[in-house]
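Please look at the side-chain contacts in the model below.

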Amino acid sequence: MILREPANAIDPRMRTYWTVQALIGTAAVGALVAAATATMAALDATTAAWLTGLLGGLGVVLLGALSLVAVRLGYRHFRYEVTEHGLYVARGRLWRRQQIVPHARLQTVDTTAGPLLRAFGLVAVEVSTASAAGGTSIPGLRPPVAADLVTELARRAELEEGT
């Protein structure tokens, strides 16, 4: 068992990416609250409209604040490293998850990037195994770093498979 933290952090731009994602989600909830408030006002339910707007607005502000805190903690506590045992990934602050994916269990290693991730110049490395628990992923890597990681994992998987 490895008792130390993995050596590598994800790219710092991932904080901004997660912040934008959180703000998009918060804006969507805010739009729903505004629509509900407008609907109540259109139905002449003035008290209900005020309550919906006030409580919904407070909920949106709280959601936005919690999202920003979660982004900071999520970035600070996401680390990875390729060790002699396998790919070691540690994530989470409250619910800490430490995972080692043995090299011999690797089936595929892919890079993925949606439009927003590409806009930040980042990619994610997706690792799959034959395990029922699945594999793991490492978001927020610069393409050259991701390419090096994929190459290293493929090299180590082939070495262990041949022995």
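This is a predicted model: local features need pLDDT of at least 70, side-chain atom pairs count only at pLDDT 80 or more; totals for chains, interfaces and linings use all residues.

Numbering starts from 1 along each chain as its sequence is written, and side-chain values use heavy atoms, with hydrogens and water left out.

**Salt bridges**

A salt bridge here is a side-chain nitrogen of Lys or Arg within 4 Å of a carboxyl oxygen of Asp or Glu. The count comes to 6 salt bridges.

| Pair | Closest N and O atoms |
|---|---|
| D11 and R13 | 3.0 Å |
| R142 and D11 | 3.7 Å |
| R156 and E152 | 2.5 Å |

D11, R13 and R142 are linked in a network. R142 forms its salt bridge with D11. That pair links distant parts of the chain, 131 residues apart: R142 is in the loop between strand 7 and helix 4 (143-162), and D11 is in the loop between strand 1 (8-9) and helix 1. Helices (H or I, at least four residues) and strands (E, at least two) are DSSP runs, numbered from the N terminus.

Buried means under 20% relative accessible area, exposed over 50%, and partly exposed in between (1.4 Å probe, protein chains only). D11 is buried at 13%. R13 is partly exposed at 31%, and R142 is partly exposed at 40%.

R156 and E152 are 4 residues apart in helix 4, so about one helical turn separates them.

**Rings**

Rings of Phe, Tyr and Trp (its six-membered ring) pair if their centres lie within 6.5 Å; planes under 30 degrees apart count as stacked, over 60 as edge-to-face and the rest as tilted. The count is 1 aromatic pair. The ring centres of Y17 and F120 are 5.9 Å apart and their planes are at 90°, so the pair is edge-to-face. Y17 lies in helix 1 (residues 13-42) and F120 in the loop between helix 3 (115-119) and strand 6 (123-129), so the pair ties together parts 103 residues apart in sequence. Both Y17 and F120 are buried.

I138 lies in strand 7 (residues 136-141). I138 is buried, with a relative accessible area of 0%. Contact means heavy atoms within 4.5 Å. Residues touched by I138 include I10, F78, Y80 and L149.

L51 is in helix 2 (residues 46-76) and is partly exposed at 48%.

How values were computed. Lists of a residue's contacts leave out its neighbours within four places in sequence.
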